[in-house]
Amino acid sequence: MKVAIVILNWNGRNMLRRFLPSVLSHSDGATVVVADNASTDDSIELMEKEFPGVRLIKLDSNYGFAEGYNLALRQVDADYYLLLNSDVEVGERWLEPLVAFLDEHPDYCACQPKLRSYYLRDEFEYAGASGGYIDKYGYPFCRGRLFSTVEKDKGQYDKTADVFWATGACMMIRSTDYWNAGGLDARFFAHCEEIDLCWRLRLMDRRIACVPQSVVYHVGGGTLPKSNPMKTYLNFRNNLTMLYKNLDEQSLARVMRVRRVLDYVAALQMLFTGKLGEFSAVIRARNDFKRWKSDFESDRQHIQASRRVADVAEMFPYPILERYYLKGKKTFSALMKH
């Protein structure tokens, strides 16, 4: 088959009931697959009763986002995978621009649509907006979202553009590229895994784009709210791991020194504002990164040996924290006027 839309589900029966019908109605020519990460709600019963024609892959445990997708995609034969969150609403002709883009641009491995908020329809959505980037210290941001500042969509980012990463909430990727890069890193479990995959692909000189002619609406928040200490822990631990795997030798030590300072400053800010759970999560994330860093040494060596570009053009070369907090650049457009 050409396109397989694969939705990874964990205890998301309400999201499936609400949003799967739009996917089925507006995805002509694509095969829709739901992979269930051993849900403990009645997701399986819902699928079998209300969507009996949809292929259902039943995983035997909750493998998280990363390995859950790896295991599911190994059972799907398609030219293009489309990884889609269960809380995404799609409309008519949403799929065509993404397929056409990859068909017409063989040097691109992946693309994403423009993501708007499901509840605030004229705003970008936090998790992907109109394409993702990172700065020199690994902080992710998007066209349309810097840290907690989310812009209204006024058409300012409607031009197709190269990006550093495509959101895992709605990413179309060539299956050959997905597996050539090794898929998502299962050890991440969740958070930063799609940025890590996209970084590896960019180092292999495979390009990624946002195609804003396609628009979807994302609820966001998913299984963990933004202020959840587990989300904080996974974001910090996985972000440090991603930097260790992918940074070149010349940059690695310097970036890690700076990140150590920034992470402890962030932790102290959490402590002084009464966010004790998040403070503990940052400390635990840094300690666990130190403990498991050696497990990624062979990955690092392989990634650096596979490197085809010296620098990734879409990595922002300045510290976004300085630009955002000290210079008041709160939008992507303002940030680019550095």
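K58 counts as exposed because its relative accessibility is 53%, where exposed means over 50% relative accessible area, buried means under 20% and partly exposed lies in between, all with a 1.4 Å probe and protein chains only. The side chain of K58 meets that of E48 in a salt bridge, at 2.9 Å from N to O; a salt bridge is a side-chain nitrogen of Lys or Arg within 4 Å of a carboxyl oxygen of Asp or Glu. This pair links distant parts of the chain, since E48 lies in helix 2 (residues 43-50) and K58 in strand 3 (residues 55-58), ten residues apart. Helices (H or I, at least four residues) and strands (E, at least two) are DSSP runs, numbered from the N terminus. E48, at 45% relative accessibility, counts as partly exposed.

This is a predicted model, in which local features need pLDDT of at least 70 and side-chain atom pairs count only at pLDDT 80 or more, while totals for chains, interfaces and linings use all residues. Residues are numbered from 1 along each chain as its sequence is written, and side-chain values use heavy atoms, with hydrogens and water left out.

Side chains of opposite charge can pair when their charged atoms come close. By the rule for salt bridges, the count here comes to 24. One of them joins the side chains of E89 and R121, at 2.8 Å from N to O, and this pair links distant parts of the chain, with E89 in strand 5 (residues 88-90) and R121, 32 residues apart from it, in the loop between strand 6 (108-117) and strand 7 (132-135). E89 counts as partly exposed at 22% relative accessibility, and R121 counts as partly exposed at 36%.

Another salt bridge, between R259 and D263, is 3.1 Å from N to O. Both residues lie in helix 8 (residues 249-272), four residues apart, which is about one turn of the helix, and both R259 and D263 are buried. Salt bridges that share partners also join D185, R187, D196, R200, K245 and D299 into one network.

How do two of the helices pack, and at what angle do helix 7 and helix 9 lie? Helix 7 (residues 229-246) and helix 9 (residues 276-292) pack at about 30 degrees, with their axes 8 Å apart, the axes being lines fitted to C-alpha atoms over the stretch in contact, and angles running from 0 to 180 degrees between N-to-C directions. Helix 7 is therefore roughly parallel to helix 9, as angles under 35 degrees count as roughly parallel.

Conventions
Angles under 35 degrees count as roughly parallel, over 145 as roughly antiparallel, 65 to 115 as roughly perpendicular and the rest as oblique.
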